[in-house]
Amino acid sequence: MTLSRQVLGGSNRDLSSNFLISKLKEKKVPEAIMSRVDESNSYDRVDRAHLNGHRNSLKETEEGGRTENIDINRTDSENGRSRPVGSRYWYPTVRFSLLFAFGVFVDAAVAIILWLTGGNSVFFIHNITKFNILHSVFDLAVISFCKVPLYFLLINCAEKITILRFSHPHNNALKSRGSLCTASIVLVSLCVFVYCTVKGSFILDHYVNDDDFIAMHPTYYACVIWCFVTSLLVFLLSAASPVGLRRLEKQRVLKYYNQQGQEVDENGKIKPDNANLFRLIGLAKPESGLLTAGMISMLVSSAVQVIAPLYFGKVVDAALESMASLNRTVLTLLGIYMAGAVSSLFRAYLFTLAGQRLVARLRTRLFSSVVEQEVAFFDVNRTGELCNRLSSDTAVLQNAITVNVSMLFRYLLQILGSLALMFYLNAALTGVLLAIVPVVSLGATQYGKFVRKMRKQFQDRLAEAGTQAEEALSSVRTVKSFTGEEKAIEVYGNFVQESYKVGKKLALAQGTFEGLFSLLAYGAIAAVLWYGGKLVYDNAQNPSDGITAGLLTSFLLYTLQVAMGFALLSSLYGDFMQAVGASVRIFTLLDRKPDVFVPPNPLTLGTLSGEIEFKDVRFTYPSRPESEVLKGVTFEVEKGQMVALVGPSGGGKSTIVSLIERFYDPNEGSIRMDGCDLKLLDLAWFRQKVAAVSQEPTLFACSIRDNIAYGREATDEEVEDAARQANAHDFICGFEDGYKTLVGERGVRLSGGQKQRVAIARALIMNPTLLLLDEATSALDAESEHLVQEAIDRAMRGRTVIVIAHRLSTVRNANKVVVIDKGQIAEMGTHSELLARHGVYKRLVLRQLTAGNQGLVSHAPSTTSPTETGHGSLEKGEATKINEKSKNGRSSETPRLVDVEDSDNSDNDGEYDFYGADSEEVKLLN
Ligand SMILES: Nc1ncnc2c1ncn2[C@@H]1O[C@H](COP(=O)(O)OP(=O)(O)OP(=O)(O)O)[C@@H](O)[C@H]1O
């Protein structure tokens, strides 16, 4: 909805309102708004706490002076945030009072035009000089002229009082003033309606019963009918005005402003100007050349459409005249149609082409805007929904901005051109037709509103169903393995059913509207036919009277054309409203700035050694602000070191890795790379130096070669070299298409182990300084695990590595083991140091081993039996002992997480000597 009018001003009594006003003036805020702010009225909604905060921050800035140092913890303004200092209500442009005023204006204009049409004739003069209620419509024109300012004044006053009453519901003085205003509107409209009805009845009575009745000019009859119909409508609208005006309370929007006068949200984030019609049309600016050419073609084709019925009539008259005349007229008509066909071809081609170009550009822009969003954005926005924006919303805009705009102009030209010619052909007949138009238009507007609401609901339901389908289809393996097909079908079916319910209502509304519309349209045709037939009859009696049969034919065709034009226009209204909805969503995405701190001068270091320092890092996921995930984590990783992160599931290990990749920024504390805060580094440069291999790597649906070379341009040799290092070369060569083998969506055509090795090759080809690993274990068979482990071991050499460790062999080799528990560092040291401490780490090792799991971090129940476990996972001795333990009554197939204290105190007596591979460890565990 286009919001433009600000009515109430919020000002600040605490902070000098002069300050706000001067700031607003600096930003060239329109005078209208300024005066409202200046009013310092009682609708003040300034958040005092915010203002005080703002005042403090101002003070700080003044005291601190200007400094070149960037305080990266105070990123508010850089991220487009500044506290709101005031708020105001904005009201929609298209609201009751304006619609009412517009309607009254059109009503008066048409009435006056109909009166003036009788000009240059004796009727016109007699109308004024010999005024008679039965023969003049001068009185109707005067009433129409006078009622416009009166209604404008009254409705404006009523609206102001209604708005004041929103804040002062118990003010009796306001209440009575409001009632007086409303009563005045109703009274005036009632008087006008009564006068028009009485006058109309008199004229009708005399027209039908009085043989001496002196006929009026034809348009004066139309004027009487018009005034009767519109005065009834205005009276009904006046009676409904209290309800219409009160709706403003729901329609108004509270907007917040910062000290610069920019619109912000409650949190102070600058809000983009999301959707207005000009911006929507502005999207098509690059296509202006095509659209102009299309418009010219459209003008020609519309002109043909307007002229054609005239020639239809001429053909009828020519047929009654002579054969030669008929041939000539039909040939001319054919020529006109040919011109119309050629121009229609160009019109359709040019507008559709412009639409296609626009949507292609919009989709690319939208996709790049979405992809550039911070990772947290994707935590709260579902992929299916975003895909919907890209596909359906852009398609709606494509049609609205190009094809629908062309249709709008076409139908308008068709209606206006036809009406002009109709007036030219016979003004009285046109007047009869025009009297029906306002009723139809009002119905169409109401219908448009209803359809807009229903379509939005329908689209929303459909989008939800689409999201469900996308989720189920993209995880079809999981769905099938849990025999979730029926559930997925049911869930999808429910959403489709919901959309169907709305669709049903929409269908009913559409049917009802079309039925009523047809009734009115055919009624109009019948009325025209009757009156036209009478004129043809008069013409047959006396050739100087009435009209010819050909002219009536033309007139009927014009009537159909006007009726169709109106019908199609009303359907366009729904489409435009849908486009406005889609544009709000699209502009919101297009305007959204990624919530990531970008330093003014991003740094790139000459060399990156890979030293990392976490200093008192605290972090909360934006999507779950109530629970802090990292609670003051401090540790260091030296150059070339391998650091293992271990700890219970959900402790925060992956979060640490995500923070290093800068998917998120810490809320407090800092992460430094080679002594430099991560936030100050050039993000793209930094990410080139870091490679991550996750437990379940995602591959793209392209060839193996393209997957390996995803991070950078690489030669075939480099790709092959990386694949060799990752133990992937042999299996790739085993495929028929070798490196050109397509891996399928998310790599479904490769096994888990193969996928991981391709992912390792993809990381290695980047030659990263820092390698982030999430070791995978459970999903692989012994042989793949061995190959993957070997590839990982090789990849780790000569780099700084942070690994979320699952294997004893990994932690044993780590320079440092960091135990993360409940978002804090529980312990830190080498494997043997930690075992000697009898703390969380030791308990963790015992628990996992007792449960028959080989890992230090259990994510999923292991399906690998201990005897199958290869060298990469557990040492031979370790496997044997676990197996023995299984035989002792604890099945390794059903891992049991025993109570930590239990396992520590009772179960471990002499049982955990599987560390026999290393006698020191065995002692420590016992
Ligand atoms: N994107 C996210 N949005 C909100 N909360 C999250 C998100 N990712 C993780 N969490 C929460 O943060 C906490 C730590 O998760 P994290 O994945 O870092 O743990 P972890 O130690 O790596 O666990 P695991 O070993 O099971 O992978 C968990 O409580 C988790 O629910």
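Which helix gives the most to the shell around the ligand? In this predicted model, that helix is α21, spanning residues 653–660, which contributes three residues to the shell. The ligand is surrounded by 15 residues, and the closest are Tyr621, Ser649, Lys653, Ser654 and Thr655. By type, the shell is made up of nine polar, three charged and three nonpolar residues.

The protein around this site has 926 residues, of which 37% count as buried. Its secondary structure consists of 33 helices and 14 strands. When contacts between residues at least 6 apart in sequence are considered, 79% of them join residues at least 24 apart.

The buried nonpolar residues can be taken next. In soluble globular proteins, nonpolar side chains tend to be buried together. The largest nonpolar core here holds 75 residues, and Leu645, Ile760 and Ala761 touch the most other members. Helix α26, residues 752–764, supplies the largest share of this core, with six residues. Beyond its neighbours within four places in sequence, Ile760 is in contact with Val693, Ala726, Ala791, Ile792 and Ala795. A separate core of 36 residues lies apart from the largest one, and includes Ile161, Phe193, Met216 and Tyr220.

Several residues in loops can be followed from helix α26. Arg746 sits in the loop between α25 (729–734) and α26. Arg746 is partly exposed because 16 other C-beta atoms lie within 10 Å. Setting aside residues up to four places away in sequence, Arg746 touches Thr698 and Leu699. The C-alpha atom of Arg746 is also 9.2 Å from that of Cys702, a residue 44 positions away along the chain.

Asn767 is not a glycine, yet its phi is positive, near 45°. Asn767 counts as partly exposed because it has 15 C-beta neighbours inside 10 Å.

Arg712 is placed in the loop between α23 (704–708) and α24 (716–725). Is Arg712 buried or exposed? Arg712 is exposed, because 10 other C-beta atoms lie within 10 Å, and the cut-off for an exposed residue is 12 or fewer. Met766 is 54 residues from Arg712 in sequence, while their C-alpha atoms are 7.1 Å apart.

Lys822 is another residue with positive phi, about 50°, although it is not a glycine. Lys822 is found in the loop between β13 (816–821) and β14 (824–829). With 14 C-beta neighbours inside 10 Å, Lys822 counts as partly exposed.

Helix α12 covers residues 288–321 and helix α15 covers residues 383–425; their axes come within 9 Å and cross at roughly 30°. The crossing is right-handed. On the α12 side, the contact involves Leu291, Gly294, Met298, Ser302, Gln305, Val306 and Leu310. These meet residues of α15, among them Thr402, Ser406, Phe409, Arg410, Leu413 and Leu421. The contact of α12 with α15 comprises eight polar residues, seven nonpolar and one charged.

Definitions and conventions:
Residues are numbered from 1 along each chain as its sequence is written. This is a predicted model: local features need pLDDT of at least 70, side-chain atom pairs count only at pLDDT 80 or more; totals for chains, interfaces and linings use all residues. A residue is near a molecule or strand if its C-beta atom, placed from the backbone, lies within 6 Å of it. Helices (H or I, at least four residues) and strands (E, at least two) are DSSP runs, numbered from the N terminus. Ala, Val, Leu, Ile, Met, Phe, Trp, Tyr, Cys and Pro count as nonpolar, Asp, Glu, Lys and Arg as charged, and the others, Gly among them, as polar. Axes are lines fitted to C-alpha atoms, for helices over the stretch in contact, and angles run from 0 to 180 degrees between N-to-C directions. A crossing is left-handed if the near helix is turned anticlockwise from the far one by less than a right angle, and right-handed if clockwise. Two residues are in contact if their C-beta atoms, placed from the backbone, lie within 7 Å. A nonpolar core is a set of buried Ala, Val, Leu, Ile, Met, Phe, Trp, Tyr and Cys residues joined through C-beta atoms within 7 Å. A residue is buried if 20 or more other C-beta atoms lie within 10 Å of its own, exposed if 12 or fewer, and partly exposed in between; C-beta atoms are placed from the backbone.
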